[in-house]
Amino acid sequence: MTMVSQEAIEKLLDLMEEVEEPLKKSFQNLHQGYPTETAVRFLKARDWNASKAHKMLIDCLIWRVENEIDKILTKPIVPTDLYRAVRDSQLLGLSGYSKGGLPVFAIGVGQSTFDKALVHYYVQSHIQINEYRDRVVLPHATKKCGRYIGTCLKVLDMTGLKLSALSHIKLLTVISTVDELNYPEKTDVYYIVNAPYIFSSCWKIVKPLLQERTRKKIQVLQGSGKEELLKVMEKESLPHFCRRESSSRHSNTSNCFTMDHAFHQQLYHYIKQQSMRSPTKQGPFHVTLPEPNSEEKYIAKTIEHEFHNFGKRNGVSHSFEGLEINVE
């Protein structure tokens, strides 16, 4: 680490010593005993500019306090059938750990429908998984490995990606903005697998628009990516959609997306237990949704334009008539 980087870390930590309650308390919940490592994440997200990283971190803490994020793991999505519906339509889960001890999260981008619950339940679920990852999963990995583990790997399954997925662009942009502003630098690598031609066509256009820091983290693998992924994780940690067997042959306990999987069972029971210990009022949990920045709006419009071009090139332009991506 360079001298400039070390100076930036010290400056940011000194600035954080000056914050008042309840921001300081929320910062403790955020860093989980690793303030230096947390400072590094925010500094990386702002190109090691301590002043900009400080503003980003303060904005994050204000967001956490105003939206009671520190209490979100005491707010179960009930009844159980509603949570099951969220899991069936927001495909996300923990499939295992890498050889280096990092949690491996699988995301079913192509087959998530987001059509079985209101938007705020999907946002709540996503943030709860983030918080459970940071407060339970990563500390467990750290203890198991005997060294600090503060990031994860993500495997994005593009199976079934269709035009209809664009109707979710606003929700997906909100979720990605929440992560970018409040959970920066939590993912080491994004592995994209089972990518159809329509994704490949758009990726060529979108890739140059991404920040270099983000672009370097994304690896588009051939097919299911099994051979490449086995270099960084054991077979038992492979997401079910990366294995040779047909996904229909996998039980609900091996499909990490379903509520029956051990990860979601543990998460749901953890939140229920926390809710019984907490005196806070139960009910729907609404979070202030961030506005997408100009870069995200531009990328969304670029995707829209590329889909129209894709339709013209393949003689299916009628399928794209009226297509408009709105992230406002």
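So, strand 3: six of its six residues are buried, so the strand is largely enclosed by the rest of the structure. By buried I mean under 20% relative accessible area, with exposed being over 50% and partly exposed in between, using a 1.4 Å probe and protein chains only. Strands here are DSSP runs of E with at least two residues, helices are runs of H or I with at least four, and both are numbered from the N terminus.

Before I go on, this is a predicted model, where local features need pLDDT of at least 70, side-chain atom pairs count only at pLDDT 80 or more, and totals for chains, interfaces and linings use all residues. Residues are numbered from 1 along each chain as its sequence is written, and side-chain values use heavy atoms, with hydrogens and water left out.

Back to strand 3. Which residues point which way? Cys-152, Lys-154 and Leu-156 point one way, Leu-153, Val-155 and Asp-157 point the other way, and all are buried.

Now its neighbour. Strand 3, residues 152-157, pairs with strand 2 in the parallel sense, over five bridges; for two strands to count as paired, DSSP has to find at least two bridges between them. If you want to trace that on screen, Ala-106 has Val-155 as its bridge partner, and Gly-108 has Asp-157. Strand 2, residues 103-108, is mostly covered too, with five of its six residues buried.

On to strand 1, residues 92-97, which runs antiparallel to strand 2 and is joined to it by five bridges. Here Tyr-97 stands opposite Pro-103 of strand 2. Strands 1 and 2 make a hairpin with five residues between the strands, and in that hairpin Gly-101 takes a positive phi near 95 degrees.

Okay, charges next. Side chains of opposite charge can pair when their charged atoms come close. The rule for a salt bridge is a side-chain nitrogen of Lys or Arg within 4 Å of a carboxyl oxygen of Asp or Glu. How many salt bridges does that give? The count comes to twelve.

Let me pick out some of them. Lys-186 and Asp-134 meet in a salt bridge at 3.4 Å, N to O. Lys-186 is in the loop between helix 7 (169-182) and strand 4 (187-193), while Asp-134 is in helix 6 (residues 119-145), so this pair ties together parts that are 52 residues apart in sequence. Lys-186 and Asp-134 are both buried.

Then there's Glu-185, which forms a salt bridge with Arg-213, with the closest N and O atoms 2.6 Å apart. Glu-185 lies in the loop between helix 7 and strand 4, and Arg-213 lies in helix 9 (residues 212-215), so this pair links parts 28 residues apart in sequence. Is Glu-185 buried or exposed? Its relative accessibility is 13%, so Glu-185 counts as buried, whereas Arg-213, at 28%, counts as partly exposed.

Another pair is Lys-216 with Glu-212, whose closest N and O atoms are 3.2 Å apart. Lys-216 is exposed, at 63% relative accessibility, and Glu-212 is partly exposed, at 47%.

One more on this topic: Arg-64, Asp-70, Glu-131 and Arg-135 are linked in a network of salt bridges.
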